[in-house]
Amino acid sequence: TVTLSCKKETEKIQLRLRLRGGESYKLRMTTDQKISQTIQGRQQEIAQTTVIVYTFDVEDVDAEGNALLKATYDSVVFKQDGPMGRVEYDSSNPPPVVPPMARGFAALIGQGFSMMISPEGYVKDLQGVNAMLTRMIEQLELPEGPVRASMEKILREQFGDRALKEMMENSMAIYPDRPVGVGDSWTRRVVISGGIPMVRSEGRRVG
């Protein structure tokens, strides 16, 4: 729900990102998933929670309101319950040995990339993603071979250009395509192709 303050109940305004150069913003993104899959005729249920906290530093804003942001991964929490047991990882209180399933998330901390984002919340350009992924893979210290190749494939699917663009837009491109006032509502269709592909609709209302 978006809370909107208008001088008059009949007044309508255009909701947009209005970022300012030199300022920093925090974004906390929580994803809860319940995954049901069938392997060799046996159904498996997996519950998974991921919490990622970013810092966005606004480096520049052009005349059209497009903002150049430097994004940094501050912290990650990863939890999973499934047939193989429970896995937990919290970067703010890491265990002595990072669980294999969480090693990719652990390698995110301190990493970052840059993006140009429009006032509507759409990503117009991404920079530094491949370099970030290379640093992450190097941090894992895996020998050349199928394990390293598999991990690299997973990281590029979860944190590559396409996945990051979708992730950022799903969080920021939430605005209506028309001016709205108190009592108005709108719906967005969100497509998630990274990891397990999903399509969902999000309804939003001003009030």
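Mentor: Residues are numbered from 1 along each chain as its sequence is written, and side-chain values use heavy atoms, without hydrogens or water. As the model is predicted, local features need pLDDT of at least 70 and side-chain atom pairs count only at pLDDT 80 or more, while totals for chains, interfaces and linings use all residues.

Trainee: Why is Glu 169 called buried?

Mentor: Buried means under 20% relative accessible area, exposed over 50%, and partly exposed in between, with a 1.4 Å probe and protein chains only. Glu 169 has a relative accessible area of 12%, so Glu 169 is buried.

Trainee: What is Glu 169 in contact with, leaving aside neighbours within four places in sequence?

Mentor: Gly 121, Tyr 122, Val 123 and Arg 188 are in contact with Glu 169, where contact means heavy atoms within 4.5 Å.

Trainee: How many aromatic pairs are there?

Mentor: The count comes to six. Rings of Phe, Tyr and Trp (its six-membered ring) pair if their centres lie within 6.5 Å; planes under 30 degrees apart count as stacked, over 60 as edge-to-face and the rest as tilted.

Trainee: What makes the pair of Tyr 54 and Tyr 73 tilted?

Mentor: Their ring centres are 4.9 Å apart and their planes stand at 45 degrees, so the pair is tilted. Tyr 54 sits in strand 2 and Tyr 73 in strand 3 (residues 67–82), 19 residues apart. Strands are DSSP runs of E with at least two residues, helices are runs of H or I with at least four, and both are numbered from the N terminus.

Trainee: How do you know that Tyr 54 and Tyr 73 are buried?

Mentor: Tyr 54 has 0% relative accessibility, so Tyr 54 counts as buried. Tyr 73 is buried too, because its relative accessible area is 1%.

Trainee: What kind of pair do Tyr 73 and Phe 159 form?

Mentor: An edge-to-face one, with 6.4 Å centre to centre and 90 degrees between the planes. Tyr 73 in strand 3 and Phe 159 in helix 3 (residues 146–159) are 86 residues apart.

Trainee: Which residues form one aromatic cluster?

Mentor: Tyr 54, Phe 56, Tyr 73, Phe 78, Phe 105, Phe 113 and Phe 159.

Trainee: How do the lining residues of the second largest pocket divide?

Mentor: Into eight nonpolar, one polar and two charged. Among the lining residues are Leu 17, Arg 18, Phe 56 and Met 172, and strand 1 gives the largest share, three residues.

Methods:
1 Å grid on protein atoms, 1.4 Å probe; cavity = no way out; pocket = protein on both sides within 12 Å on 5 of 7 lines; lining within 4 Å. Nonpolar A, V, L, I, M, F, W, Y, C, P; charged D, E, K, R; others polar.
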